[in-house]
Amino acid sequence: MKFILVLVTLFNIILASTCYCEIIDRIVAYVENQAITLRDFELFSTDIKKRIPDIKNDEIVELLINRTLLLRKAKEIFFEGKDEELINNYIDLKIKSKIIVPDSKIRDYYEEHKNIFKDKAYYSVRDEIEKYLFEKELNIKLKEYIKELRETSEIKIVFIP
């Protein structure tokens with residue numbers, strides 16, 4: 001009996017020394033049932049820090065969550081394409097297509113900011129103003145839409161790298 005006990009113990013020691021666990025990837029956050037991994041964070045972080053060097057890690061996690069929410073919605077409509085392409089197409093369809101900048105708003109902006117435009121005529125800067133007002137409205141609508149998505153989704157941040 002002692003021999004079997006010694007043999008089992010020896011077997012366990014040998015087995016334990018040959019088996020080891022390795023963490024392959026950590027979870028940074030969950031969006032519904034989808035995990036955002038540390039590898040996802042690192043890839044996204046490398047890319048975004050090229051454009052925004054001073055961005056903080058918690059802001060990157062928030063951007064990844066927003067991106068995941070938008071991508072999830074985009075995949076409900078569009079079935080094929082790269083992630084960025086799907087997100088852009090979704091934003092075009094759901095948000096940009098509903099934004100109209102009336103000429104009166106463009107004219108009002110020009111009148112209120114004539115000092116910026118100096119001696120430039122309205123028609124020479126009209127397109128520039130329209131683009132600016134469109135982007136401004138797009139940012140407002142996109143923030144509202146993402147806020148709405150976040151309120152109706154289960155999101156859990158596990159840790160900030």
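**The chain as a whole**

The model is predicted. The chain holds seven helices and three strands. From the N terminus, the order of elements is α-β-β-α-α-α-α-α-α-β. Of the 161 residues, 27% are buried. The accessible surface is about 12,100 Å². Carbon and sulfur atoms account for 56% of that surface. Contacts can also be sorted by separation in sequence. Among contacts between residues at least 6 apart, 51% join residues at least 24 apart.

**The sheet**

Strands of a sheet pair through backbone hydrogen bonds, either parallel or antiparallel. Here the three strands form an open sheet in the order β2-β1-β3. The pairing is antiparallel. Strands β2 (34-37) and β3 (155-157) stand at the edges. Each has a single partner strand, so one side of each lacks a neighbour in the sheet. On average, neighbouring strands are turned by 20 degrees against each other, direction ignored.

Start with β1 and β2. They pair in the antiparallel sense over four bridges. In one of these pairs, Ile27 has Thr37 of β2 as its bridge partner. The two strands form a hairpin, with two residues between them. Glu32 lies in that turn and has a positive phi of about 55 degrees.

Val31 is bridged to Ile155 of β3. Ala29 is bridged to Ile157, also in β3.

**Helices across the sheet**

Which strands does α3 lie across? Helix α3 lies across β1, β2 and β3, and runs at about 40 degrees to β1. Helix α2 lies across β1 and β2. Its angle to β2 is about 55 degrees.

Is Thr68 buried or exposed? Its relative accessibility is 9%, so Thr68 counts as buried; the cut-off for buried is under 20%. Leaving aside neighbours within four places in sequence, Thr68 is in contact with Val31, Gln34 and Ile36. Val31 is the residue bridged to Ile155 of β3.

**Helix against helix**

Two packed helices are described by the angle between their axes and the distance between the axes.

| Helix pair | Angle between axes | Axis distance |
|---|---|---|
| α2 (38-51) and α3 (57-77) | roughly 105 degrees | within 10 Å |
| α3 and α4 (83-94) | roughly 75 degrees | within 8 Å |
| α3 and α7 (122-151) | about 85 degrees | 10 Å |

Take α2 and α3 first. Their axes cross at roughly 105 degrees. That makes α2 roughly perpendicular to α3. On the α2 side, the contact is made by Asp40, Phe41, Phe44, Ser45, Ile48 and Lys49. On the α3 side, Asn57, Ile60, Val61, Leu63, Leu64 and Arg67 take part. By class, the residues of this contact are seven nonpolar, two polar and three charged.

Next come α3 and α4. Their axes cross at roughly 75 degrees. These helices are therefore roughly perpendicular to each other. From α3, the residues are Arg67, Leu70, Leu71, Lys73, Ala74, Lys75 and Ile77. They meet Asp83, Glu84, Leu86, Ile87, Tyr90, Ile91, Leu93 and Lys94 of α4. How many polar residues does the contact of α3 with α4 have? There are no polar residues, but nine nonpolar and six charged ones.

Glu62, Ile65, Asn66, Leu69, Leu70 and Lys73 come from α3. Their counterparts in α7 are Tyr145, Ile146, Leu149 and Arg150. The residues of this contact divide into six nonpolar, one polar and three charged.

Arg67 takes part in the contact with α2 and in the contact with α4. Leu70 and Lys73 meet residues of α4 and also residues of α7.

**Putting it together**

The sheet runs β2-β1-β3, and α3 lies across these strands.

Methods
Residues are numbered from 1 along each chain as its sequence is written. This is a predicted model: local features need pLDDT of at least 70, side-chain atom pairs count only at pLDDT 80 or more; totals for chains, interfaces and linings use all residues. Side-chain values use heavy atoms; hydrogens and water are left out. Axes are lines fitted to C-alpha atoms, for helices over the stretch in contact, and angles run from 0 to 180 degrees between N-to-C directions. Angles under 35 degrees count as roughly parallel, over 145 as roughly antiparallel, 65 to 115 as roughly perpendicular and the rest as oblique. Contact means heavy atoms within 4.5 Å. Ala, Val, Leu, Ile, Met, Phe, Trp, Tyr, Cys and Pro count as nonpolar, Asp, Glu, Lys and Arg as charged, and the others, Gly among them, as polar. Buried means under 20% relative accessible area, exposed over 50%, partly exposed in between (1.4 Å probe, protein chains only). Accessible areas come from the Shrake-Rupley method with a 1.4 Å probe; for residues, only the protein chains shown count as cover. Two strands pair if DSSP finds at least two bridges between them.
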